[in-house]
Amino acid sequence: SVAAHGADGTLFAAVGAGLVLSFGLPVVAFGLLGWLTRLDATNRAAIAAHYGSISIVTFVAATSLLTARGVEAEGFMVAVAAAMEAPAIVSALWLIARQGQGGQMDAALWREILLNGSIVLLVGAFAIGAVTGQPGMDQISAFILAPFQGVLCLFLLDMGLVAGRGLRAARGQVTAGAVAFGIVMPMVGSVFGLGMGLLIGLSPGGVALMMVLSASASYIAVPAAMRVALPQADPSISLTLSLGVTFPFNLTLGIPMYLSIAQTLTGPA
Amino acid sequence: SVAAHGADGTLFAAVGAGLVLSFGLPVVAFGLLGWLTRLDATNRAAIAAHYGSISIVTFVAATSLLTARGVEAEGFMVAVAAAMEAPAIVSALWLIARQGQGGQMDAALWREILLNGSIVLLVGAFAIGAVTGQPGMDQISAFILAPFQGVLCLFLLDMGLVAGRGLRAARGQVTAGAVAFGIVMPMVGSVFGLGMGLLIGLSPGGVALMMVLSASASYIAVPAAMRVALPQADPSISLTLSLGVTFPFNLTLGIPMYLSIAQTLTGPA
Amino acid sequence: SVAAHGADGTLFAAVGAGLVLSFGLPVVAFGLLGWLTRLDATNRAAIAAHYGSISIVTFVAATSLLTARGVEAEGFMVAVAAAMEAPAIVSALWLIARQGQGGQMDAALWREILLNGSIVLLVGAFAIGAVTGQPGMDQISAFILAPFQGVLCLFLLDMGLVAGRGLRAARGQVTAGAVAFGIVMPMVGSVFGLGMGLLIGLSPGGVALMMVLSASASYIAVPAAMRVALPQADPSISLTLSLGVTFPFNLTLGIPMYLSIAQTLTGPA
Amino acid sequence: MMQTHRAKRVEIVIEAPLQSRLTAALHKAGVTGYTILPVLGGSGRSGDWTRDGQVGRAGMVAVICILRPDRLDTLLDAAFAVVNPHIGVVTVTDCDVLRAERF
Amino acid sequence: MMQTHRAKRVEIVIEAPLQSRLTAALHKAGVTGYTILPVLGGSGRSGDWTRDGQVGRAGMVAVICILRPDRLDTLLDAAFAVVNPHIGVVTVTDCDVLRAERF
Amino acid sequence: MMQTHRAKRVEIVIEAPLQSRLTAALHKAGVTGYTILPVLGGSGRSGDWTRDGQVGRAGMVAVICILRPDRLDTLLDAAFAVVNPHIGVVTVTDCDVLRAERF
Ligand SMILES: Nc1ncnc2c1ncn2[C@@H]1O[C@H](COP(=O)(O)O)[C@@H](O)[C@H]1O
Ligand SMILES: Nc1ncnc2c1ncn2[C@@H]1O[C@H](COP(=O)(O)O)[C@@H](O)[C@H]1O
Ligand SMILES: Nc1ncnc2c1ncn2[C@@H]1O[C@H](COP(=O)(O)O)[C@@H](O)[C@H]1O
Ligand code: NA
Ligand code: NA
Ligand code: NA
C-alpha cells in the first residue's frame, strides 16, 4: 500500500492535513456548540476536543467496509489517524485559556498525550512496515487491523449498554440541541475531510478515510486527558455525545455515506 | 437475508415459534430431570430455565459453521435467538409457584430480563438492519456476528478451565443421571426445534438454527436471573450442566448432527 | 491435516523432538547468558526456563502467516507446542539444584505445570480433532486458531505499552549483553529446531513451526511458575527479555526468516 | 496537621446480580456515596468459587460506603433488607476522612 | 439498632501464582471464609509494577478474611508459612460484622 | 503469638487518569509502598457511573498505602495536593502489620 502508491510526497501531505484538521475542527465544534446549545465554555471546549480527535474503532470499521467493497486506500492512512489523536486536545485548552479560565496542562499530560498508547502502537506499526518494506506493512496491518475486528465486537457488545447508560447519566444537560450537534458535527467534519482529501489527490478510499477520521469523535484517549486537564467539565455529556450519538451514527449511516460521496467526487479513478 | 427471502410472514412465525419453545421446553426439562435425577423442585426449575433459554455463543458457532459450509439461513434468526432468551425464566418461576414455593419476582427482575443487554443488542442490530434495508443487515451482521468469533475464543480459552472447575465444585450433586440429562436434553430440545422449523417452512439453515437454539442452554443471562429469583437453587449444578456438559457437547457433536438432520429432512431445497 | 498426512509415526517423533528441545534449550541458554552477561545463577536459570518454553501467540502468528502464504503444515504441531511448554521449567530447576541452591518444587507446582490451562486446552482440542477425524480438526482449529487472532490483538494492543514499561522497570539489570541474548538466543534456538525438523522429515511448514517454537520464549506460563519455584529471581529481567525483546523480534523479523530458511532447506517439497 | 473527621467504612460483599438492587436501596435511604470493587473469587458456607471463565453478571462484588457514624443504622437497615436472603458478608470499620464536607 | 459482633479483617496482598497455595493453607487451618480481589499494580521494596498488558496468572491479588478474633493467630500462622519467602503485605484491622452466626 | 506493629491504612479513591500523578507524588514524598485496586463503578456528589463498556484509562482506581503512623502526615499532604481539585475520597484506618521491617 505505501510503497505500491510510490507516494512519499502524498504521505507527508496527508499527515500534515490530518494535523491541520485535528487543530482546526475543535474551533468549528466550539462555535457550532455555542449556536446549538447553552453549555458553558468549559464543557464546549471538552466536547470540541473529542470531535477534533478520532475514534480508532470507527477508522477500523471503515477500513473493513472498504476491503469488503474492494475499494483500495493508501496504507499510510494508519499514520494519519495516529497524528490526528492529540492536537485537538491542545487546541481545546487554547480555546479555554483564551476565555481566561485555566486548564491544567503539565509536562506529564504532554508526555501522556504524545506517548498515548495507541499512537505508539500505530506509529510503531507504520515504522515497522516502512522498515520491512511493502510485505511487512501488509503483515503488520494483518496483525493490527484485522484482529481489531475482534476488539470491535467487545466494544459493540458493551456499546449498546454504555450508550444507554451514558444518556441516562447525563439526563438534564443532553438537550435536543446537543444531540443535533452529535449528528451535524460529524457531517460538517466530513466535508472538511473531503476538501483536504481532494486537495492532496488521495485515492477514493483515502478520501473516504480522511472524511471518516474528521467525522469520528474520540471516546477513549481524549476523555482521559480531559479528566486531567479540564476537571470542571462534566464527562458524561461529552461521552454521551461521542459514544452514544456520533459513534452509532457513523457506524450505521455515516461511513456508507462518506464512501459514496468520496467515490462520486473523485470520479472514475 | 430478511428482504431477500421476502418472508415477513415467516419472520413473525419463527419468532412466535421461538417464544413457544422457550416457554415450553422448561416443562419438558423439569419432567426429564424428575425422571433422571433426585434433585429437589427448586434446582430442577433453575436447571429447566437454563435449557429453555439459549446460548448466544453456540448460536454464533452454528452460524459460522453454516457459512463455512455455504448453507444459507434466514437473517432474522438473530431475532428468534433474542426472543428465546427470557420466556424460559418466567416459565421456570411458574413451575416453582405451582409447587407452592415462592420465587422472588419483582419489577426490577422483569426489567432486567426484558432489557437484558444481549436482547437489546440483538434486537437493536435487527432493527437497524430492517431500517437500512438489506445491505444494512449484512453490514450489521458482519459487525455483530463475524467479530463474535473473537469473543468465542475468549470463552474457549477459559471454557476448558471453567468447565473443569465447575464439575469439581458441584461434586456431590452432579450425578450420572444429571450428566445424562446434560446430553439427552439438547437432543430432545433439537427435535422440538426441528418440528417447529419444518412446520413454518424455514430453509435448511433456518431449521438447523432453530434446532441449535432449542438444544443450547444459557450460561450467562439465566444464571444471573436465577441468583435473584431462586437464591435457594445451587448455581454450581446448573452451571456445570449447561457450561460443562451441554455447551461442549453442542459445539463438537451437536451442531454438525443437527445440520445434517435438517438438511436431509428439508430435502433438496 | 493429521489424517491427511497419514503420519502417525511423524506425530510421535515430532512430539518427542519437542520434549528434547524443551529440556535441552535451557542448558544452551544458561551457558549463553553466562558468556554474555554477569547475571547470577538464579536469574540465568529463570531466563533459561522462559527460552526453553514457548509463546503460544508467536506460534499462532506463525500459523496465520503460513496460511496467508499458502504453506501447508502438519496439524499436530499444535500438540508439539503444548508438549514444549513445561519441560523447560523442570530443566531450569535442575540447573539450579546442580549449583547447590534450592528451588521450591512441590506437588502443587508439578500439577500446575502439567495441568497448565493452555496445555489442557491445546491437548483437548487435538484430542477432539483426532476423535472426530479430519473435518473435526479443521472445525476445531477454526475455533481455536483463527479466533486466537482476536486475542492476538489484545496482546498487541498492550504489547507496545508493557514492553516499554518492562524495560524501564528492569533499568539496571538489562545490560547490552542481555538484550543481545534476547536477539541471539531465538536464532540459536531456531537452528536446533531446524535440525530436529529436518531429522524427522517434516513438511516445510512443519519445519518452520518447529523453528518458531524453539525460537519463541514464554511470557505467560513460565513467569508464573518461576514466581513459585524461584522467588529470588527478578521477574522483570526475564519478562523484559522474553516480552520486550524476543517477542517483537520474532513477530517482525524472526518468523519470515525462519520460514524462508525452512523452505530453501527442505527443497521443492 | 491535615483536618480529618470520624467516619464509618461499611464493606458489603454481595452477588453481582444483586448490585443494582443494593445501590437502589442505598439511594432510597439517602446514602449516595459508595464505590464498587470487582471480586475474583472467594469461599464461604456455600462453598468456594472463582470468576475464571465466567462472563456477564456472575460472581460477587464488594460495595464500600464511607459515611458519618450517625447515618450507619439507616444504611445497615437498608442494606440488610436486600442482602439477608442471599449469601455474602457485611463488615463495619472505624475510620477517618479528609474533606468531611463531601459526606 | 442492628446486632453486630467484634471481628478481625485480615488483608493479605500476595502474588497471583501463590493464591491457590494460600487458600489451600487457609482451608487446612479451618478458615473457609475469604474474598479475593484483583490488583491492578503496586510498588514495594522489589520496585513498582503494573498488570497492563499481562495475561494469565501475573501480578498480585488481595485476599480478605473476616474471622472471629480468637481464630486470628491460627490464620496468621497458616498464612505466614506460605507468604514469608515471597513479596507482599499482611494487615489486620478491627471490625464489626452482621450475621455473626456465619463466622 | 505473631509479632505485629501499629500502622495506618490509607485508602484513596481517585480517577484512573490521575493514578500516575498520585503515585509519582507518593514516590517523591518517600512513600514507595502502595497497592492499586480496580474499581467497577460508584456514586458521589458528581452522580453515579459504571465502567461497563468503557475501555482505556476510564473510571476510578483505589490506591491502598500501609505505612508507619509517623509518616501519615507526609503522605496526606502529598496526596491532597494531587487529589484536591478532583473528585474522590481519602480514608485513614488504624491497623497492624506483620514483617514491620518492610515499612
Ligand atoms: N469470613 C469471610 N471473609 C471474607 N469473605 C467472606 C467470608 N464469608 C463469606 N465471604 C464471601 O461471601 C461469599 C459467600 O459466602 P457465604 O454467604 O458464607 O456462602 C464467599 O464466596 C466470599 O466471597
Ligand atoms: N506499604 C505497602 N502498602 C500497600 N501495599 C504494599 C506495601 N508494600 C508492598 N505492597 C504490595 O506488595 C507488593 C510487593 O511489595 P514488596 O514485598 O515490598 O516488594 C507491592 O507491589 C505492593 O503491591
Ligand atoms: N461516601 C463515599 N463512599 C465511598 N466512595 C465514595 C464516597 N463518595 C464518593 N465516593 C467515590 O468517589 C467517586 C466520586 O465521588 P464525588 O467526589 O463525591 O463526586 C464516586 O463515584 C465514588 O466512586
Ligand atoms: Na474527528
Ligand atoms: Na434451549
Ligand atoms: Na523456545
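Predicted model: local features only at pLDDT ≥ 70, side-chain atom pairs only at ≥ 80, totals over all residues.
1. Leu241(C) sits in helix α13 of chain C, which spans residues 235–265. Leu241(C) is buried, because 27 other C-beta atoms lie within 10 Å and the cut-off for burial is 20 or more.

2. Setting aside neighbours within four places in sequence, the contacts of Leu241(C) are Ile47(C), Ala178(C), Phe181(C), Gly182(C) and Thr246(C). Gly267(C) is 26 residues away from Leu241(C) along the chain, and the two C-alpha atoms are 34 Å apart.

3. Ligand 3 is located between chains D and F. Its shell consists of 20 residues, and the closest are Gly33(D) together with Gly42(F), Gly44(F), Ser46(F) and Ile87(F).

4. Elements contributing two or more residues to the shell around ligand 3 are β2 (34–38) and β5 (60–67) in chain D and β3 (41–44) in chain F. The most comes from β5(D), which supplies 4 residues. Sorted by class, the shell around ligand 3 contains 11 nonpolar, 7 polar and 2 charged residues.

5. Chain D is superposed on chain F by a rotation of 120° with 0.0 Å of shift along the axis, at an RMSD of 0.0 Å. This is the relation of a three-fold axis. Within chain D, Pro38(D) has the C-alpha nearest the axis, at 4.2 Å.

6. The two copies use different surfaces: of the contact residues of chain D, 15% recur in chain F.

Terms used:
Residues numbered from 1 in each chain as written. Chains lettered and ligands numbered in written order. Buried ≥ 20, exposed ≤ 12 C-beta atoms within 10 Å, placed from the backbone. Contact = placed C-beta atoms within 7 Å. Near = placed C-beta within 6 Å. Nonpolar A, V, L, I, M, F, W, Y, C, P; charged D, E, K, R; others polar. Least-squares fit on C-alpha atoms with pLDDT ≥ 70 in both.
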